[in-house]
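Let's take a friendly walk through one protein model. Have the sequence and the 3D view ready as you read.

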Amino acid sequence: MRREDPTPPMSAHPLLEVRNLNLDFGSPRGRVHALRNVSLDVPTGQIVGIVGESGSGKSTLAYTVMGLLPENAQVTAGSIVFERRDLLTLTAQARRSLMGDRLSMIFQDPMTALNPVRTIESQMIDIQHHEQRGRSEKRARAIDMLKRVGIPDPQSRIGNYPHQFSGGMRQRICIAMALLVRPSLLIADEPTTALDATLEVQIIHLLKDLQREIGCSILFVSHHLGVVAELCDRVAVMYAGEVVEQGAVRDIFHTPGHPYTRALLECDPGRIKQRTRNLPTIPGEVPSMLGSKKGCIFHPRCPHAFDRCVYETPGEYRVAADQVARCHLLDRAGMVAT
Ligand code: SF4
């Protein structure tokens, strides 16, 4: 039986270290460079948000960490070190044994995550397959977790099928299943996108409470900046497959160092004070990720672009003690390269 200690071990090493990760998808038109030189840490016991427009690579990064990639995907460089083991060098069997145990995931659409022809009870018991407990004890744990995520009358509802619950209730069940195994890292891929605003707030508070109780880390993918500000300790901003800025949430939201981060924040409906019929947008589109790119990936849309941005890829500069960004303007401003 595993020890149930809600306090995560203190460690000098982050729980998850992604380093210089490059990932391509093969396509009939050529190789799509979906992740480029991505480096990111998830410290023990912290919640790290990944934000960016659609097509920025946030979900691809989450699925790469989980090892849930289609056959045409190929990691071409880098490492994903989780609990001091590089996931990319593990055998398929060793990696599978981490899933649903040390690593767990909540998907965007709870209906596709749950098996529609099996009861919640059988799915919640199956997910505890790593545990050396009897069926009745596993059932009792499942009922307790359903109660904690706010499913009314869990004793009888546990025998229901997924279609007998509303969308919000299904997502609560998915959270219950993901946390039932007490993972050290939970990956949540836009778990509130399919929910209305009220349910979204409830789910975010629930996730935060359970994360504190279990002591796990969370990698939280979202395009909703308000949710990330509310939930996360740290944030990484992705654009066209690259992490362009990362650091403590308070620093990035108050003093963003990268023009793309500033543009994203200016377009956040939650920050717009004046009444308007037209929400601001970032002019232009996320570029195609086919083929190699020269210069700063954001330069075709950046209002501050200058000559150097077109031919030289920016390095990473320290904006604050716990904030780095990739932009030539930071070099001009005398910031230190990392
Ligand atoms: Fe804009 Fe140049 Fe900075 Fe890229 S490097 S964000 S193009 S100023």
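This report looks at one helix and then at some salt bridges.

Keep in mind that the model is predicted.

**Helix 8**

Start with helix 8, which runs over residues 197-214 and so has 18 residues by the DSSP assignment. From its first C-alpha to its last, helix 8 reaches 26 Å, close to the 26 Å expected at 1.5 Å a residue. Its buried residues are E200, I203, I204, L206, L207, L210, Q211 and I214. These residues cover an arc of only 165° around the axis, which means that they sit on the same side of helix 8. On the face turned away from that buried side, you can find the exposed residues A197, T198 and R212. After helix 8 comes G215, which has a positive phi, near 80°.

**Salt bridges**

How many salt bridges does a search of the whole structure find? The search finds 17.

| Pair | N to O distance |
|---|---|
| R133 and E131 | 3.2 Å |
| D144 and R148 | 2.7 Å |
| D209 and R212 | 4.0 Å |

Are R133 and E131 buried or exposed? R133 counts as buried at 13% relative accessibility, and E131 is buried at 6%.

D144 and R148 both belong to helix 5 (residues 135-148), where they are four residues apart, about one turn of the helix. D144 is partly exposed at 35%, and R148 is partly exposed at 32%.

D209 and R212 bring us back to helix 8, where they are three residues apart, about one helical turn. D209 is partly exposed at 47%, while R212 counts as exposed at 56%.

Finally, E17, R19 and D41 are linked in a network of salt bridges.

Technical notes:
Residues are numbered from 1 along each chain as its sequence is written. This is a predicted model: local features need pLDDT of at least 70, side-chain atom pairs count only at pLDDT 80 or more; totals for chains, interfaces and linings use all residues. Side-chain values use heavy atoms; hydrogens and water are left out. Helices (H or I, at least four residues) and strands (E, at least two) are DSSP runs, numbered from the N terminus. The expected span of a helix is 1.5 Å times one less than its number of residues. Buried means under 20% relative accessible area, exposed over 50%, partly exposed in between (1.4 Å probe, protein chains only). The arc is that of the directions from the helix axis to the C-beta atoms. A salt bridge is a side-chain nitrogen of Lys or Arg within 4 Å of a carboxyl oxygen of Asp or Glu.
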